[in-house]
Amino acid sequence: MQRAGWRLRANIWHTMKSLYVSELKAGQAVKEKFLLHKKSVRDKKDGGIYALLEFSDRTGIIDGISWDADNFENISAGDFVFVAGNVREYNGKPQIVVAAMSVVAEKDIDANDFLLRYSGDIDKVMEAIRDFAARVRNTNLRALLDAFLSDKDFVQSFSSAPAAKMVHHAYLGGLAVHTLGVLKLLQNVQSVLDFLNLDLLIAGGILHDIGKIHEYTYKKSIDISDRGRLLGHILIGSEMVSERISRLAEFPDELKAKILHMILSHHGEKEWGSPKQPLFPEALVLHHVDNLDAKIEIMRQIHAKHRGQNKQWSDYDRFLEREIYLGDDL
Ligand SMILES: [Fe+2]
Ligand SMILES: [Fe+2]
């Protein structure tokens with residue numbers, strides 16, 4: 001009897017979530033697993049404490065509040081928790097009023113509930129990136145790309161990293177998918193503007209965001225690492241490339257400066273995080289193509305999110321700073 005009971009319990013814990021953050025609405029009852037994203041304890045006016053909380057899963061973050069925070073002293077941010085409560089609307093946003101909360105062991109969590117992953121074959125994406133690298137004729141640039149792409153640890157990180165926390169390609173594998181998108185666009189731009197140096201474009205395309213492998217943490221949910229917050233992927237990426245070049249024999253100084261410039265300037269403007277504006281054609285093209293791939297992906301996500309809703313306009317998007325037209329029968 002005991003064994004059967006144990007098995008039943010294990011089955012319950014191992015099932016995937018049935019309710020996700022993005023589906024929660026005021027009036028709903030909740031009994032579900034979440035990642036406790038944030039917890040801050042406050043004093044009540046009449047004594048005792050309450051806790052302001054944030055819960056997350058792969059679909060987003062929702063606020064929560066617990067009036068009996070004393071019961072949850074041993075639960076901290078970063079823990080997976082089972083929450084029972086009700087959703088109410090507070091300050092125009094849904095909030096879970098927590099009635100009960102307990103810690104769930106990591107072994108009882110299905111990682112796919114908390115981290116979005118590229119749905120296609122990431123090995124094929126990496127293969128296509130390698131094919132681009134193989135087309136580089138300049139021996140120095142080729143040696144630089146080969147140094148990265150033959151490093152197993154680098155390839156492992158590069159193929160699993162997200163390209164963002166919230167905005168574009170914010171899923172595991174997103175960095176490689178975005179990089180391949182940039183490379184395909186660069187190739188097409190070069191077929192029109194054929195004076196552009198394809199070797200520089202390919203090297204810049206592959207390397208421009210590699211600093212992101214250290215900018216994010218993505219064990220439980222995608223977040224920005226301490227190093228990412230302090231330095232950002234532009235500086236981290238240029239350090240990674242400088243360090244590789246220092247291990248290669250006789251890499252020309254001017255070529256090193258050009259490839260570092262492409263990384264440093266790829267956000268285009270100082271207020272967008274680039275210490276330098278693009279100062280030669282390949283750097284300018286990389287910036288625009290990077291921006292294009294990212295923004296098109298955001299628009300595509302907005303369209304996907306509204307599919308079947310019969311709406312002509314999206315809500316205001318704070319990244320694109322506009323509402324997107326959704327009608328498609330022009
Ligand atoms: Fe970037
Ligand atoms: Fe990028």
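Strand 2 (residues 49-57) and strand 3 run antiparallel and are joined by seven bridges; strands (E, at least two residues) and helices (H or I, at least four residues) are DSSP runs numbered from the N terminus, and two strands pair if DSSP finds at least two bridges between them. This is a predicted model, in which local features need pLDDT of at least 70, side-chain atom pairs count only at pLDDT 80 or more, and totals for chains, interfaces and linings use all residues. Residues are numbered from 1 along each chain as its sequence is written, while chains are lettered from A and ligands numbered from 1 in the order in which they are written.

**Overall fold and confidence**

- The protein chain contains ten helices and seven strands, and its C-alpha trace spans about 70 × 50 × 45 Å along the principal axes.
- Of the 330 residues in the protein chain, 29% are buried (20 or more other C-beta atoms, placed from the backbone, within 10 Å of the residue's own).
- Among contacts (C-beta atoms, placed from the backbone, within 7 Å) with a separation of 6 or more, 55% link residues 24 or more positions apart.
- The mean pLDDT (the predictor's confidence in each residue, from 0 to 100) is 90, and 95% of residues reach 70 or more.
- Over residues 1-12, pLDDT stays under 50, and the model has zero contacts there beyond four places in sequence.
- Where pLDDT is low, the predicted coordinates should not be read in detail.

**The barrel**

- Five strands close into a barrel in the order 1-2-3-5-4, with mixed pairing.
- From one strand to the next, the twist averages 50° (angles run from 0 to 180 degrees between N-to-C directions of axes, which are lines fitted to C-alpha atoms).
- Strand 2 and strand 3 form a hairpin, with two residues between them.
- Strand 3 (residues 60-66) pairs in the parallel sense with strand 5 (residues 93-104) over three bridges.
- Ile65 is the bridge partner of Leu52, and Ile65 also has Val97 of strand 5 as a bridge partner.
- Gly64 has Ile96 in strand 5 as its bridge partner.

**Helix 8**

- Helix 8 (residues 226-246) spans only 26 Å between its end C-alpha atoms, whereas a straight helix of 21 residues would span 30 Å at 1.5 Å a residue (1.5 Å times one less than the number of residues).
- A kink of about 90° is centred on Gly232, the bend being the angle between axes fitted to the seven residues ending at a residue and the seven starting there.
- The buried residues of helix 8 are His233, Ile234, Ile236, Gly237, Ser238 and Val241.
- These buried residues pack against helix 6 (198-207), helix 7 (212-215) and helix 9 (253-264).

Definitions and conventions: A residue is buried if 20 or more other C-beta atoms lie within 10 Å of its own, exposed if 12 or fewer, and partly exposed in between; C-beta atoms are placed from the backbone. Two residues are in contact if their C-beta atoms, placed from the backbone, lie within 7 Å.
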